[in-house]
Amino acid sequence: MVGKERFREINALLNQALAEKKSLVAVHRGAWGGNIIENTIPAYVIARNMGADMFECDLSSSTDGVVYAFHDGGEGRMFGETDNIKTMSSQRIEALTYKNSLGEESKRHVEHFENILAYFTHGELFNIDRAWDILPQVDEIMRRYPHAIRQAVIKTPVKDEYLEFFNSCPEKYMYMPIVYNMDEVRKVLSYPDINLVGMELIAVNPEDELFQQENVEWIQQQGLYVWVNVITLSSLDKHRLYGGLDDDTALLDNPDKSWGVLLQRGIDILQTDWPMQLSRYRDAYFGL
C-alpha cells in the first residue's frame, strides 16, 4: 500500500487552495467567447483572471498518438467537420482552424496537451477530463512534466479498467471519479492505492442518492472532496447534472437558490461556465 504521506505531498496545492477559499471555482473548458476558443491556453488564462481556481482540460488523441485539448463530439460546432477527432491523424488535426463564437474563422488551432503542461508551471490547478480511453498516453506525457502531478486532477467514470490503472500506476495522480450512486462510491473506496481526492457527484433529480445530504456528508467523512457541476448543458432533463441547481438559476433568478444552496451544503468544488460571477458570490458568501 502506498504511503499516505506521499499522497499528502502530491495533494498539497489542492488542499491549500481549499483551506484558503473554502470552496473552489472550477471553470468548464476555460472562459471562452468571441475569438477566444474553449480548451486553449488563452481560455484557461482568462478563466483564471476571472476568478477561477481550476480549469478543465478535455483530452483527445489522434490516430497516431498525439494528445490534444479537445472535447470530441464538438467537431461540427468547432470546425464544421463531421468526423470525430479521434479518427483523424495529427497532420489533419493541425490543419484544422477553429470557428469563433460567430462561426467565423478564428485563426486558432487545436492546442497540444504538452503545450498546456509546459505553460502552466506555477501551481495552477486543472482537471483532466475525457481522457479515460488514453490514460497510458496521458501518463507518459505527464511524466515529462513532473510539476503537473501536483496540479492535475484526473476524472473518469467508474470502470474496473480505470480504477485498476490508477491503483497500479507508479505515479499517484490525484483522482476524482464521476459517480452516479453509492454503489459506485463504495467500489472506488475498495481500491487501497488510488490517490483518491474526491468525487464528482451526478444527480439528475433531487430524489437521486447523491443529492441526499447524508450521502454527501458521508463521502466527505471519508476524507474526500465533493465536486458538483452547476453548468447548464441544455434544457433537457437528461443533462441536469445536480438536481437543477445550476448557473441558469443563479444568473437569471437568484444565486442564493443554486450556488448558495450548494455552498450552504458544504460542496467543495463547483464547476461553472461563469467564473467571475461565481467567484465573486463565493467570496462574498465566505467573507473572503
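Q: Which residues form a nonpolar patch on the surface?
A: In this predicted model, look at Leu251, Leu252 and Trp274: they form a nonpolar patch with about 330 Å² of accessible area together. Take Leu252, which lies in helix H11 (residues 247–252). Its relative accessible area is 73%, so Leu252 counts as exposed, the cut-off being over 50%.

Q: Okay, salt bridges next. How many does a search of the whole structure find?
A: Here's the general idea: side chains of opposite charge can pair when their charged atoms come close. In this structure the search turns up 22 salt bridges. One of them joins the side chains of Arg282 and Asp53 (3.1 Å, N to O). That pair links distant parts of the chain, with Arg282 in helix H13 (residues 275–286) and Asp53 in the loop between helix H3 (41–49) and strand E2 (54–61), 229 residues apart.

Q: Are Arg282 and Asp53 buried or exposed?
A: Both Arg282 and Asp53 are buried. They also belong to a network of salt bridges that links Lys21, Asp53, Arg282 and Asp283.

Q: What about Lys257 and Asp253?
A: Lys257 forms a salt bridge with Asp253, with the closest N and O atoms 3.1 Å apart. Lys257 is partly exposed at 45% relative accessible area, and Asp253 is partly exposed at 49%.

Q: Last one: what lines the largest cavity?
A: In general, rolling a probe the size of a water molecule over the atoms shows where empty space is left. Here the count comes to 1 cavity of 30 Å³ or more, and the largest cavity has a volume of about 50 Å³. Its lining includes Arg29, Glu38, Phe70 and Tyr98. By class, that lining has 3 nonpolar, 3 polar and 3 charged residues.

How values were computed: Residues numbered from 1 in each chain as written. Predicted model: local features only at pLDDT ≥ 70, side-chain atom pairs only at ≥ 80, totals over all residues. Heavy atoms only, no water. 1 Å grid on protein atoms, 1.4 Å probe; cavity = no way out; pocket = protein on both sides within 12 Å on 5 of 7 lines; lining within 4 Å. Points joined across faces, edges and corners; volume = space filled by probe spheres on them. Nonpolar A, V, L, I, M, F, W, Y, C, P; charged D, E, K, R; others polar. Patch = residues over 30% accessible without salt bridge, like charges linked within 9 Å, V, L, I, M, F, W, Y side chains within 5 Å. Areas by Shrake-Rupley, 256 points an atom, 1.4 Å probe, with all protein chains shown as cover. Salt bridge = Lys/Arg side-chain N within 4 Å of Asp/Glu carboxyl O. Helix = DSSP H or I, 4+ residues; strand = E, 2+ residues; numbered from the N terminus. Buried < 20%, exposed > 50% of the residue type's maximum accessible area, 1.4 Å probe, protein only.
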